[in-house]
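Keep the coordinates open while reading.

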Amino acid sequence: MELEMMKKKEGNQLEILLKGELNTNTAPELKALLEEELDISGVLILDFAGCDFVSSAGLRVLLNTFKSMKSAHGQMKFLNIGPNFHEVLYITGLDAVFKVQ
């Protein structure tokens with residue numbers, strides 16, 4: 001399955017709505033979009049309302065982005081995390097890193 005990414009940028013805030021699967025094939029697309037559009041000292045909002053699967057490759061992109069933003073005093077927020085993705089974050093301990101409840 002492909003990943004659709006709808007972006008909205010206002011100032012130093014970038015919001016991305018993800019629809020589909022964030023996997024080995026689609027993670028590079030998200031990485032490229034973030035490298036092109038993201039101000040790492042700004043705010044990144046990722047809306048997972050339409051994203052039904054996140055693989056380890058997707059987690060790697062998210063974690064690397066988080067680390068870059070944290071060092072630049074940026075903020076990264078997750079919205080609409082489904083139960084499957086939430087469980088993966090919990091099992092890996094990344095729920096504490098990303099401050100997901």
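Helices (H or I, at least four residues) and strands (E, at least two) are DSSP runs, numbered from the N terminus. A pocket is defined on a 1 Å grid over the protein atoms alone, as an open set of points where a 1.4 Å probe fits, with protein on both sides within 12 Å along at least five of seven lines. Lining residues have an atom within 4 Å of a point. The model is predicted: local features need pLDDT of at least 70, side-chain atom pairs count only at pLDDT 80 or more, and totals for chains, interfaces and linings use all residues. Residues are numbered from 1 along each chain as its sequence is written, and side-chain values use heavy atoms, with hydrogens and water left out.

Start with the largest pocket. Its volume is about 180 Å³. Here a volume is the space filled by probe spheres set on the grid points, which are joined across faces, edges and corners. Two helices, α1 (27-37) and α2 (56-71), each supply at least two residues of the lining. The largest share comes from α2, with 4 residues. The lining consists of Lys-31, Leu-34, Glu-35, Leu-38, Ile-40, Val-61, Asn-64, Thr-65 and Ser-68. By class, that gives 4 nonpolar, 3 polar and 2 charged residues. In this scheme Ala, Val, Leu, Ile, Met, Phe, Trp, Tyr, Cys and Pro count as nonpolar, Asp, Glu, Lys and Arg as charged, and the others, Gly among them, as polar.

Now look at helix α1 itself. Leu-30 lies in this helix. Its relative accessible area is 0%, so Leu-30 is buried. Buried means under 20% relative accessible area, exposed over 50%, and partly exposed in between (1.4 Å probe, protein chains only). Leaving aside residues up to four places away in sequence, Leu-30 touches Met-5, Ile-16, Leu-18, Leu-22, Val-61 and Leu-62. Contact means heavy atoms within 4.5 Å. The C-alpha atoms of Leu-30 and Glu-4 are separated by 9.5 Å, with the two residues 26 apart along the chain.

Glu-37 also belongs to α1. With a relative accessible area of 13%, Glu-37 counts as buried. Its side chain makes a polar contact of 2.7 Å with that of Lys-7. Such a contact is a pair of N or O atoms within 3.5 Å; within protein, one must be able to donate a hydrogen and the other to accept it, and residues adjacent in sequence count only if both atoms are side-chain atoms. Beyond four places in sequence, Glu-37 touches Lys-7, Lys-9 and Leu-14.

His-73 sits in the loop between α2 and β4 (75-79). Its phi is near 65°, a positive value in a residue other than glycine. His-73 is exposed, because its relative accessibility is 71%. Asn-80 is in the loop between β4 and α3 (83-92), and its phi, near 55°, is positive too. Asn-80 is partly exposed, at 48% relative accessible area.

Step back to the whole chain. It has 4 helices and 4 strands, in the order β-β-α-β-α-β-α-α along the sequence. The radius of gyration is 12 Å, close to the 13 Å that the globule rule gives for 101 residues, so the chain is as compact as a globular protein of that length. That radius is taken over C-alpha atoms, and the rule is 2.2 Å times the number of residues to the power 0.38. The C-alpha trace spans about 30 × 30 × 20 Å along its principal axes. Of the 101 residues, 41% are buried.
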